[in-house]
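Here is a short tour of one protein, with an eye on its aromatic side chains. Please have a look at the sequence and the structure before reading on.

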Amino acid sequence: MRAGLNFETVRDNAIRFIELRDQLRSETQIWMRMVSDEDNRDEWPSYFEFWKDRLAETDRLYKHSVHNWGGQLFNGQKAMSYEPTLPCVALWSLMVVFSDGRVPLCNADYNNLHRTG
């Protein structure tokens, strides 16, 4: 799913990050998410089992269906989603500012199709 990345390296880096957080007794919360698509949909139980004992009670472990980032991926095709349509919480929690100062309406609008500033 993540072209060019080595699964084992990414997994091991995540484990090491959790270990360092715990050693430092940091209050950093970790949100561990599985991106679910038609190829890995049945892997959630094993994913959950792998991560649940590594994370703290204040962390979040969840899955999210793959989507097409506002039509900007998959050549405009819509990705399948099996989740209800929920309001975007990112509008209240983060803002993207490109290096040239442009601000897109949505953090998923990496082509800045809907400029706000």
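## Exposure and a surface patch

A residue counts as buried under 20% relative accessible area, as exposed over 50%, and as partly exposed in between. Trp92 has a relative accessible area of 77%, so this residue is exposed. The model you are looking at is a predicted one.

Trp92 belongs to helix α3, which covers residues 90-93. Together with Leu91 and Leu105, Trp92 makes a nonpolar surface patch of about 410 Å².

## The overall layout

Let us step back to the whole chain. The protein has three helices and two strands, and from the N terminus on these elements follow the order α-β-α-β-α. Among contacts with a separation of 6 or more, 42% are between residues 24 or more positions apart.

Of the 117 residues, 23% count as buried. The accessible surface amounts to about 9400 Å², and carbon and sulfur atoms hold 54% of that surface.

## A ring pair between the strands

Now to the rings. A pair of aromatic rings is described by the distance of the centres and the angle of the planes. With centres within 6.5 Å as the cut-off for a pair, the count comes to five aromatic pairs. One of them is formed by Trp31 and Tyr62: the ring centres are 6.2 Å apart and the planes stand at 85 degrees, so this pair is edge-to-face. Trp31 lies in strand β1 (residues 31-36) and Tyr62 in strand β2 (residues 60-65), so the pair ties together parts that are 31 residues apart in sequence.

Are these two partners buried or exposed? Trp31 is exposed, with a relative accessible area of 54%, whereas Tyr62 is buried at 16%. Tyr62 also has a charged neighbour: the charged end of Arg60 sits over the Tyr62 ring, 3.9 Å from the ring centre.

## An aromatic cluster

Phe50 and Trp51 form an edge-to-face aromatic pair, with 4.9 Å from centre to centre and 80 degrees between the planes. Phe50 is partly exposed, with a relative accessible area of 30%, while Trp51 is buried, with a value of 6%.

Which residues do ring pairs link into a cluster? The cluster consists of Trp44, Tyr47, Phe48, Phe50 and Trp51. Phe50 has a charge over its ring as well: the charged end of Arg54 sits there, 3.9 Å from the centre of the ring.

Technical notes. Residues numbered from 1 in each chain as written. Predicted model: local features only at pLDDT ≥ 70, side-chain atom pairs only at ≥ 80, totals over all residues. Heavy atoms only, no water. Patch = residues over 30% accessible without salt bridge, like charges linked within 9 Å, V, L, I, M, F, W, Y side chains within 5 Å. Areas by Shrake-Rupley, 256 points an atom, 1.4 Å probe, with all protein chains shown as cover. Salt bridge = Lys/Arg side-chain N within 4 Å of Asp/Glu carboxyl O. Helix = DSSP H or I, 4+ residues; strand = E, 2+ residues; numbered from the N terminus. Buried < 20%, exposed > 50% of the residue type's maximum accessible area, 1.4 Å probe, protein only. Phe/Tyr/Trp six-rings, centres within 6.5 Å; stacked < 30°, edge-to-face > 60°. Lys NZ or Arg CZ within 6 Å of the ring centre and 35° of its normal. Contact = heavy atoms within 4.5 Å.
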